[in-house]
Amino acid sequence: MPETKVKTALSELHAALEDVDSVDPAMLELLQKVDGDIHALLEAQSPAEEETSALMLRIEELGADFAARYPHTERFFQELVSTLGRLGI
């Protein structure tokens, strides 16, 4: 099920960040917010298109920021965006 893949991608991303010596607390806070938003979106019966578009934009921007600072996280964000796309988000 695609929802499981999303949750797995998020878990793998968090695990990859645990291997980093120092993660910017502000970026980590943004990631936690996006994580919560993704879970809320997955639980919603019919999320508004504006919500999903805004969330995808934030994920892509956050992914680019993380990839610039922590290159090994890029594939996790790419998988997350791809999986959410398959869900129609």
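Trainee: Is the crossing where H2 passes H3 left-handed or right-handed?
Mentor: Left-handed. Keep in mind that this is a predicted model.

Trainee: Okay, and at what angle do H2 and H3 pack?
Mentor: About 145 degrees, with the axes 11 Å apart. H2 covers residues 25–43 and H3 covers residues 49–69.

Trainee: Which residues in H2 and H3 meet?
Mentor: On the H2 side they include Leu31, Val34 and Ile38, and on the H3 side Leu55, Ile59 and Phe66 are among them. The contact residues divide into eleven nonpolar, one polar and four charged.

Trainee: Switching topic: how many salt bridges are there in the whole structure?
Mentor: The search finds four. One of them joins Asp37 and Arg58, whose closest N and O atoms are 2.0 Å apart. Asp37 sits in H2 and Arg58 in H3, so this pair ties together parts 21 residues apart in sequence.

Trainee: Which residues are linked in a network with that pair, Asp37 and Arg58?
Mentor: Lys33 is linked with them in a network of salt bridges.

Trainee: And what does Asp24 form a salt bridge with?
Mentor: Arg69, with the closest N and O atoms 2.7 Å apart. Asp24 is in the loop between H1 and H2, while Arg69 is in H3, so that pair ties together parts 45 residues apart in sequence.

Trainee: What's the relative accessibility of Asp24?
Mentor: It's 26%, so Asp24 counts as partly exposed. Arg69 is partly exposed too, at 48%.

Methods. Residues are numbered from 1 along each chain as its sequence is written. This is a predicted model: local features need pLDDT of at least 70, side-chain atom pairs count only at pLDDT 80 or more; totals for chains, interfaces and linings use all residues. Side-chain values use heavy atoms; hydrogens and water are left out. Axes are lines fitted to C-alpha atoms, for helices over the stretch in contact, and angles run from 0 to 180 degrees between N-to-C directions. Helices (H or I, at least four residues) and strands (E, at least two) are DSSP runs, numbered from the N terminus. A crossing is left-handed if the near helix is turned anticlockwise from the far one by less than a right angle, and right-handed if clockwise. Contact means heavy atoms within 4.5 Å. Ala, Val, Leu, Ile, Met, Phe, Trp, Tyr, Cys and Pro count as nonpolar, Asp, Glu, Lys and Arg as charged, and the others, Gly among them, as polar. A salt bridge is a side-chain nitrogen of Lys or Arg within 4 Å of a carboxyl oxygen of Asp or Glu. Buried means under 20% relative accessible area, exposed over 50%, partly exposed in between (1.4 Å probe, protein chains only).
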